[in-house]
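Subject: Handover of a three-chain model

Dear colleague,

Please find below the structure that I am handing over to you.

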Amino acid sequence: MPSLNLLLQALAAGVFMGALYGLIGLGLGLGWGILKQINLAHFAWVFLSAYLTYDFKTRWGIDPLVSLLILVPAFALLASLLQAVLAKFAITPFNSLMATFGISVSVEALLQLVWSADFRRMPSPYDEMKFRFGGIIVTYSESITVVLAVLVCAWVSWMLYKTDVGRCVRAAAEDADIAQAFGINARQLSLGLAGVCGGLAACAGVCVALTFTLAPSQIFAWIGVVFAVVMMGRLASAWAPLFAGLVVGISESLTMAITAPTWAPLVSFTLLILILLLRRGHD
Amino acid sequence: MLELQNVHVNYGAAPALWEVSMSILPKELVCVIGPNGAGKTTLINAIMGLNRTRLGSILWDGEDLTGLPAHRLCERGLALVPEGRRLYGSMSVHENLLLGAVHPKARAKRADTLEWVCELFPVVKAKLNQAAAQLSGGQQQMVAIGRALMALPQLLLLDEPSLGLAPSIVSEMFNVIQTINRGGTSVLLVEQNVSRALAVSERTYVLENGRIVSSGPSDVIASQPEIKKAYLGL
Amino acid sequence: MTEGPQPWRPQWGMNTVITVMVFALLVAAPYWGLPNYWQSLLYMVFFWVTLSTSWNLLSGYSGYFSFGHGAFFGLGMYGMATFATKLNFGFVSSVLLSGVVAAVLALAVGAVVFRLKKIRGESFALITLAVTFVLATLIVNTSIDGGPGVYLMGVQTPALGPSASSSFYYLGLGLAAVCLLVARFLFFSKAGLGLLAIHDDEDVAQVHGVPTFGLKMAAFALSSFFAGMMGSVHALYVSYVTVGETFNITVPLTVVLMSVLGGVRHWAGPMVGAVLITFLLNAFTDGASALIGRIAIGLILTFSVLLMPKGIWGSFQAWRKARQKAQHRAGSQGADSQSTPLNHVATKAPEASVQPLNWEREPVALRVSGLSKHFAGIKALDGVDLTLYQGEILGLLGPNGSGKSTFINVVTGHFSPTSGVIELAGVGCAGMPSHQIRRLGVSRTYQIPRPFTGLTVLQNVMLSSQYGVSSTTHEQARIQAMQWLEFTGLASKADDLPDELNLHQRKFLELARALAAKPKVLLLDEVLSGLTPGEIDVAVQTIRRIRDQGTSIVFVEHVMSAVMALSDHLLVLDQGRVIAYGLPQAVMRQPDVVKAYLGEGHAELSLPN
């Protein structure tokens, strides 16, 4: 049995991972719950953003937090444009999964074309700086991720529940026809929401670049665990992915600390299976 | 104010309305009655742009509505109280009401309108923060009418408001509808409850199997044989 | 007849000749000097053809898209690794055993998952994906692999053909050929029809008697059996098996991609996709173009899902069919138009047969007493009594929300009653599941027609005959189905898809489907709504002829003219209770009934004029 210090360190690592899972899952869940699209391209955007962050830093020395300000609006626009195209085709949620998978495949190959399949790690001062709580070490990068995740969820929550636009978005998601009858332009809102999801992906990508070693094949490695996180909570929710992410992240890292790293996937996927089997049937 | 000229509407792939022509003048209370399956809801949905009109035109103050996207109709002065209420169940009564006042003119005045609606429906005021799905049928109907009123309409479209409600609540509701009409709002009321509808309206159209088979002042319609034939087959 | 899928006889002729020739060519090729590079490439083609065709057996046919094909493939890989190296089994037994192990896993997963109605669509995809990763983790952490992977260098592969790569070439060819044959056979069989019906509407399929659980299990097991066998052969091809290479997301996603591109709703679709994509992937060999090739493939998938949802093969078939129809129509002038009048329905309308004067002496087809159904505090039905005599047409009326549809749903087993007795010709059946009640002789139509959209009109009715009453051969079922189509005037539409029918024809398709099960009691739910007056007349005549053939009918309707013309008796419901029963003219004049329909204050309307 590992020492208390080790367990606490694992807990901290789990919080960080969970925050990242939640951040990635938020965009996926919003798209699924509100736009009724299962957007596999979301993962591609996260990694494209991560690679661009890496590039901006290594080529032009731009600080990742500054890249954030560039990439978020850029990806929001990109996602909006993509939605404008996709919305022309009436497709089921499942078909949207297939169509966006195609985009992921293309983006992964593009990443490999531009940056090669070599592992790339962004050198960052934020990695050197650390906080110390007792015996536990948390890097700046990890803290930034957690803070960003919380801030972003708070912002989404505020937008959805406290603003007029958010209310209209929720109304259109619940009953599109009646929303239209009262003047809500569902199409415009869907473009806006797609943009938000794109921005969320960009933000997650910056965090990934800060803390992980990048490789194009990584896109698909995250799909399983993030889906587990999204399915654990309600779909169109601002905070559920973060909480679910924390549950998964912490259980994974504790498992790794107590047994071995190779057992970690068992946790998230078994959780996913149990959730799918046990939750209330939805329409 | 509202005029339908020779309108043909499909429900999905099948034709549902044929050669429907009707009109509503300002401040009128007009009702459309007919047996189940006659096409009453299709008619209302066609006016609100939720069903496509295949042929014919729907004119609002002279402007043809049939080409407009559905979300542009509310701002022109039409508001819908749909069949089965169709409130946003997961949201509170308050939010449902706010979602009636989406278009700019209504939005500007929404605080005042909300107060007026609460006065009109004390039960709505009492349940303002409750989730809409938790209210009873009658209460939901009041909220649905309130939501439509928040849009500051010139014409209120009501689709079978008495459906599934207890008789006492039905009386109360028809009183409210009359009050609204007296306040200057035109009303198009689609109903299955014939006697109530005839009692409260000035003019009536009778819809059977997708066609208007009879129209005129309500008291005249009440004594005609078409109603008996349409509803009772006699 | 058109060349669409004809489920009762495979097409001998051009297609078969071509297939045999191609197969012979493939068999002979290595002996005629096919270079090793091409043998390896073709092996990969056979590999993907086997995997995607086997995947399609469950996922394409029944619509349960599995993202876990990698699990079965991986079990096959590790099966060979374990059986051949650690347990020293022979080649053939290892291959077969690997297939069996994979099938057992499929059955285990299916036993849990296929019974749960909520596990469909995305949930099924995710669960199967999760199973793959759970399996991978178990394998990497136990002695099966343990981490470093397994070497298969020492295993003896049977020597087939002139070179080392030919062995795999022939193994791959053999598996692919068998898999394709099985897929084709299944597609045209009764079981295949059932799977395709599950794809379109599983609940309705169940009501029609299709054993959905059993079919899904069988398809899943068959699918994973082939995946397992292919995996076991592939293990020898790569000769070094690791968890990372085997259990990643590439295999399941590629398999889905190939099948969707080719067309999932046909046995040959996945083959088309697999051949195309494998050649595309290998056409670019050096680094940069391989990647550009992958970019192209991703975009191709996206666009084909958006623009060609039926896939290449499916779109090709649809195009071929449309062309045949156009030629057919040009050839025989004005043979059928969109609004096919159904009055070329066979023979003269029988005279209205003489009705018994005293119904009470007739045997009872359906008796209901004290039937109640509560939904969360609402009494949808409250103590309803109803007697349907043999050979009677009973009109069931009532205003909106009075419980008519609930009544039909309870009697047919869609809902179980809260209390009360339902007897069909004396046999109690309250609470029985819907397919059992159907077997007892009760059929119904749906207010909004729910045909199987992917099956032709004829196949829709055939399904009902084959799974409905007693076991019939394919040919018998086809003949019976055609008879019902002629009865309802749809014979000329036999090979069309339900989408191509207008509302009237679709309602009559519902009717034909209900009749194909040879019911003793038929429940019609608003079968006339939306029809023109002319169509209503034809429908009324048809309903009379159904009764004259010995079926007793309860029908819910609002078109009063038809109700009055057809009904022997009327039963009126209001708020879940019976408020009137008797002869039509008398019932509609009762003050209670008038009040229910027209509201208070119309009592004066009830006076006879």
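In chain C, 14 residues of domain 1 are in contact with 17 residues of domain 2, where contact means that the C-beta atoms of two residues, placed from the backbone, lie within 7 Å. The domain 1 side of this contact consists of six nonpolar, five polar and three charged residues. In this classification Ala, Val, Leu, Ile, Met, Phe, Trp, Tyr, Cys and Pro are nonpolar, Asp, Glu, Lys and Arg are charged, and the others, Gly among them, are polar.

Please note that this is a predicted model, in which local features need pLDDT of at least 70 and side-chain atom pairs count only at pLDDT 80 or more, while totals for chains, interfaces and linings use all residues. Residues are numbered from 1 along each chain as its sequence is written, and chains are lettered from A and ligands numbered from 1 in the order in which they are written.

Domains of chain C

Domain 1 of chain C spans 15-248 and domain 2 of chain C spans 361-606; such bounds come from an automatic or database domain assignment. Taken over C-alpha atoms, the centres of domain 1 and domain 2 of chain C are 46 Å apart.

Contacts between chains

Chain C places 32 residues in contact with 34 residues of chain A. On the chain C side, helix 5 (122-141), helix 10 (250-262) and helix 12 (287-307) each supply at least two residues. Helices (H or I, at least four residues) and strands (E, at least two) are DSSP runs, numbered from the N terminus. By class, that side of chain C has 22 nonpolar, six polar and four charged residues.

The contact of chain B with chain A takes 19 residues from chain B and 14 residues from chain A. Chain B contributes twelve nonpolar, four polar and three charged residues to it.

Helix packing in chain A

In chain A, the axes of helix 7 (residues 164-174) and helix 9 (residues 186-211) come within 10 Å and cross at roughly 110°. Axes are lines fitted to C-alpha atoms, for helices over the stretch in contact, and angles run from 0 to 180 degrees between N-to-C directions. Helix 7 of chain A is therefore roughly perpendicular to helix 9 of chain A. Angles of 65 to 115 degrees count as roughly perpendicular, those under 35 as roughly parallel, those over 145 as roughly antiparallel and the rest as oblique.

The crossing of helix 7 and helix 9 of chain A is left-handed. A left-handed crossing has the near helix turned anticlockwise from the far one by less than a right angle, and a right-handed one has it turned clockwise. Helix 7 of chain A makes the contact through A:Cys168, A:Val169 and A:Ala172, and helix 9 of chain A through A:Ala186, A:Leu189 and A:Leu193. By class, the residues of this contact are six nonpolar, no polar and no charged.

Helix 2 (residues 41-60) of chain A also packs on helix 9 of chain A: their axes come within 7 Å and cross at roughly 50°. Helix 2 and helix 9 of chain A are therefore oblique to each other, and their crossing is right-handed. Among the residues in contact are A:Trp45 and A:Phe47 of helix 2 of chain A and A:Gly198 and A:Gly205 of helix 9 of chain A. The contact of helix 2 with helix 9 of chain A divides into 13 nonpolar, five polar and no charged residues.

Sheets of chain C

Four strands of chain C form an open antiparallel sheet in the order 4-3-6-7; two strands pair if DSSP finds at least two bridges between them. Its edge strands are strand 4 (378-389) and strand 7 (427-428) of chain C. Two bridges join strand 6 (residues 419-424) of chain C to strand 7 of chain C, and C:Glu423 stands opposite C:Gly428 there. Helix 14 (residues 404-411) of chain C lies across strand 3 (364-375), strand 4 and strand 6 of chain C, at about 70° to strand 4 of chain C.

A second open sheet of chain C has six strands in the order 8-9-10-5-11-12, with mixed pairing. Strand 8 (442-444) and strand 12 of chain C are its edges, and neighbouring strands are turned by 20° against each other on average, direction ignored. Strand 5 (residues 393-397) and strand 10 (residues 552-556) of chain C run parallel, joined by four bridges, with C:Leu394 opposite C:Val554. Helix 14 of chain C packs on this sheet too, touching strand 5, strand 8, strand 9 (521-525), strand 10 and strand 11 of chain C.

Strand 11 (residues 569-574) and strand 12 (residues 577-582) of chain C are antiparallel and share five bridges, and C:Val572 has C:Ala580 as its bridge partner. In their hairpin, which has two residues between the strands, C:Gln575 takes a positive phi near 55°.

With kind regards
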